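Open the model in your viewer and keep the selection panel at hand. The tour moves from stop to stop, with something to select at each.

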Amino acid sequence: MAGSYQYDTTGQSYFFLLTVLLLILLPFTYSTLFGGTERAASRVKAPCAGWNRKAAEVKRVGSSKGAFTLRNALLAAGWLAFAVVVQRARSIEGEGVQFDPFAILGVSAGATEKQIKKHYRKLSLKFHPDKMVLAVNQTKEEADSHFVELTKAYKALTDEVSRRNYELYGHPDGKQELSAGIALPTWIVEGKNSPLVIGAYAILLGVVLPVLVGRWWYGTRKLTKDGVLNSTAAKYFHALKEETTFPQLLDILASSDEFATDPALLSLRKSLGKAAVDEYARLVSTVREGVDGKLGWEGYASWTPAKKRARVFIAAYMLRLPIKDAKLLKEKHLTASIALPLCSGLASIALAHNWLSTYIAILHLQQFLLQAVHPSSSQLLQLPHLTPEIAAEAEKRGISTVAQFGQLKVDEVEKLLASKPEAEKRDIYEVAKHWPVIEFVDAKFQVTGEKVVTPGAVVSFTLKLRLSPPGQAASKPKLAVEKETSDVEEGEEQSVEELIGRRSAEADGVVPTPLAHAPHFPKDRKPSWYIFVGDHKLNRVFVAPHRFTDIGEDVVRTVRMSFQAPPGPGLYTFQVYVTSDSFVGANAQKDMRMQVEPPQEEEEEDIEDDISEPDEDTIAGQMALLKGQSVKRNGGSDDEGDSEEDSDESDSETSSSSDSDSDSDSD
């Protein structure tokens with residue numbers, strides 16, 4: 001079958017454009033509306049009405065994500081272009097309509113052959129080119145073509161050959177030439193446009209594509225796997241020590257090159273007026289003369305301007321110092337937004353050295369940055385609307401943590417928050433009652449298939465946790481008794497799914513977690529928890545942290561880890577830490593012990609195959625007879641005497657063998 005290809009001249013290329021737009025828009029729309037952990041967490045119902053309600057200062061700088069972002073604008077423009085292309089494509093008239101002889105002749109499908117001939121005779125008298133009068137704007141070629149179509153339709157219904165072709169191929173002339181159109185407009189292949197098309201391809205493939213790939217390649221080469229600049233990671237590597245204190249961590253964090261190269265920060269610093277410069281000077285004095293200035297700040301005079309500004313704004317953010325200038329206020333929140341992700345780079349270096357105290361300090365730094373709380377301040381300031389004066393009064397009454405505040409009775413809260421409006425009282429109390437406090441339900445370790453832990457064995461560590469909010473902890477009993485045994489419980493068996501590590505999320509108690517309560521942090525963030533094992537006496541992390549996010553109040557969350565047992569036998573003590581990266585003070589610690597037993601020597605035993613006895617007339621049977629073992633006798637033997645003699649002899653040998661075995665055992 002012959003075939004021909006032609007470029008589109010009727011606008012069919014719109015369908016190709018629609019396909020390309022859909023390939024881009026569908027994943028882009030999904031990632032914009034539903035992708036990312038923060039977007040998933042934002043769809044989870046918050047514990048209470050006051051949860052993560054942004055502070056007035058954050059709303060003032062407008063740092064939180066809104067509907068009118070560049071990403072949303074591009075998404076809207078893309079779907080608008082898609083709608084325009086769809087409208088253009090709908091206006092295209094279809095070609096290649098199926099041949100229908102009944103419609104061409106104007107007869108019904110149930111007409112008889114006689115009726116068809118009669119009707120065709122009338123049409124031929126009317127439309128024969130030699131007899132019809134051409135209408136206005138009608139050419140002779142059009143009249144001839146119309147009469148040919150009538151004739152083909154008539155033959156398709158009356159002529160035997162034409163009818164068979166019509167039934168088989170859909171046309172009275174038989175197989176038709178295949179005509180495939182390429183969904184590209186004709187102007188692309190026109191000779192006069194060739195230089196433009198070739199130039200466009202050359203720019204796209206020779207300039208644009210290499211530039212994009214190069215920017216991506218060199219951009220990724222500048223970053224570590226934690227998304228930190230290589231130059232910043234090098235500074236962390238040389239500055240971090242085994243006993244790095246929290247103030248020193250702040251100084252190291254402020255030295256990050258991100259604060260000196262971020263385009264948004266640079267733009268804000270260039271556009272500051274005289275009033276902003278004066279206010280920044282007062283801010284530096286306030287920070288250096290306050291509680292934060294008494295710690296750290298070593299070598300401040302030799303610091304770069306970018307490091308000085310970053311350190312000042314980090315302190316101002318955690319101390320919640322008021323700033324009047326809008327640009328300085330925005331710089332403060334932008335500095336906090338940049339600083340928080342950089343903590344992952346600090347944590348990676350601390351874990352590479354297995355420094356326990358330094359790693360815990362970095363996790364605490366993440367908590368303080370997200371909650372905008374200084375280490376010298378009260379943890380109660382994480383609650384919304386709470387002032388330092390109220391927090392100080394609560395601490396005088398022995399209430400120093402949010403969990404303790406959430407356990408207060410209503411009348412006690414009323415006395416403590418007497419100066420607050422009812423709406424703010426309700427927000428403070430509700431957030432405190434739903435504060436995510438981690439509770440250990442069960443913790444155990446074991447070696448799969450063994451009852452004891454031996455040196456160097458792979459230990460499976462299972463930890464069961466749940467959230468125990470202060471407002472519900474008293475009303476809910478503990479779900480299980482905490483265990484510190486390394487032995488497998490009697491009768492406890494693991495399923496095949498557990499042995500191969502294939503378990504459903506529901507089986508492990510995975511419950512979607514809402515956004516973290518962070519009223520003073522400009523961005524939304526999903527909370528995470530880290531489980532790791534260490535020894536505070538040796539200041540070492542023994543088991544690398546395991547990160548998990550989804551945990552609920554009513555379902556026990558099961559987390560499984562594996563590590564290698566110590567190389568020598570003995571009793572080992574260690575601590576299991578469950579630390580949040582979002583909430584100050586919402587951590588848990590459990591002391592555990594592990595008895596490592598020395599390996600037992602296996603006794604060598606000769607294992608005999610007693611599945612079946614060998615036949616007497618085989619080599620195995622003869623060897624068994626020599627050893628005094630029983631064999632299968634041949635049932636077809638004619639000499640009964642021989643059989644009896646053999647039987648007696650065999651019994652004698654067996655008895656002798658048994659006596660010999662008994663003597664051997666007694667010896």
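Predicted model: local features only at pLDDT ≥ 70, side-chain atom pairs only at ≥ 80, totals over all residues.

**Stop 1: a charged patch**

Select Lys 114, Lys 118, Arg 121 and Lys 122, and show their side chains. These residues gather on the surface in a patch of positive charge. Where does Arg 121 sit? Colour residues 113-127: this is helix H6, and Arg 121 lies in it.

**Stop 2: a salt bridge within a helix**

Move on to helix H8, residues 160-169. Select Glu 160 and Arg 164, which both belong to this helix. They are 4 residues apart, about one turn of the helix. Their side chains meet in a salt bridge, at 3.6 Å from N to O. How many salt bridges turn up in the whole structure? The search finds 20.

**Stop 3: the sheet of 3 strands**

Switch to a cartoon view. Select strands S3, S4 and S7. They form an open sheet in the order S3-S4-S7, and the pairing is antiparallel. Which strands stand at the edges? Strand S3 (438-446) and strand S7 (557-564) do. Each has a single partner strand, so one side of each has no neighbour in the sheet. From one strand to the next, the twist averages 20°.

Now zoom in on S3 and S4, the latter covering residues 458-467. This antiparallel pair is joined over 8 bridges. Pick Asp 442, then look across to S4: Lys 464 stands opposite.

**Stop 4: the sheet of 4 strands**

Select strands S5, S6, S8 and S9 next. Trace the order as S6-S5-S8-S9. This sheet is open too, with antiparallel pairing. Its edge strands are strand S6 (540-548) and strand S9 (588-596). Each of these edge strands pairs on one side only. Here the twist averages 20° from one strand to the next.

Which strand pairs with S6? It is strand S5, residues 529-535. The two run antiparallel and pair over 6 bridges. To finish, select Tyr 530 and look across to S6, where Arg 547 stands opposite.

Key
Residues numbered from 1 in each chain as written. Heavy atoms only, no water. Patch = residues over 30% accessible without salt bridge, like charges linked within 9 Å, V, L, I, M, F, W, Y side chains within 5 Å. Areas by Shrake-Rupley, 256 points an atom, 1.4 Å probe, with all protein chains shown as cover. Salt bridge = Lys/Arg side-chain N within 4 Å of Asp/Glu carboxyl O. Lys, Arg positive; Asp, Glu negative; His and termini not counted. Charge placed at Lys NZ, Arg CZ, Asp CG, Glu CD. Pairing = 2+ DSSP bridges. Axes fitted to C-alpha atoms, helices over the stretch in contact; angles between N-to-C directions.
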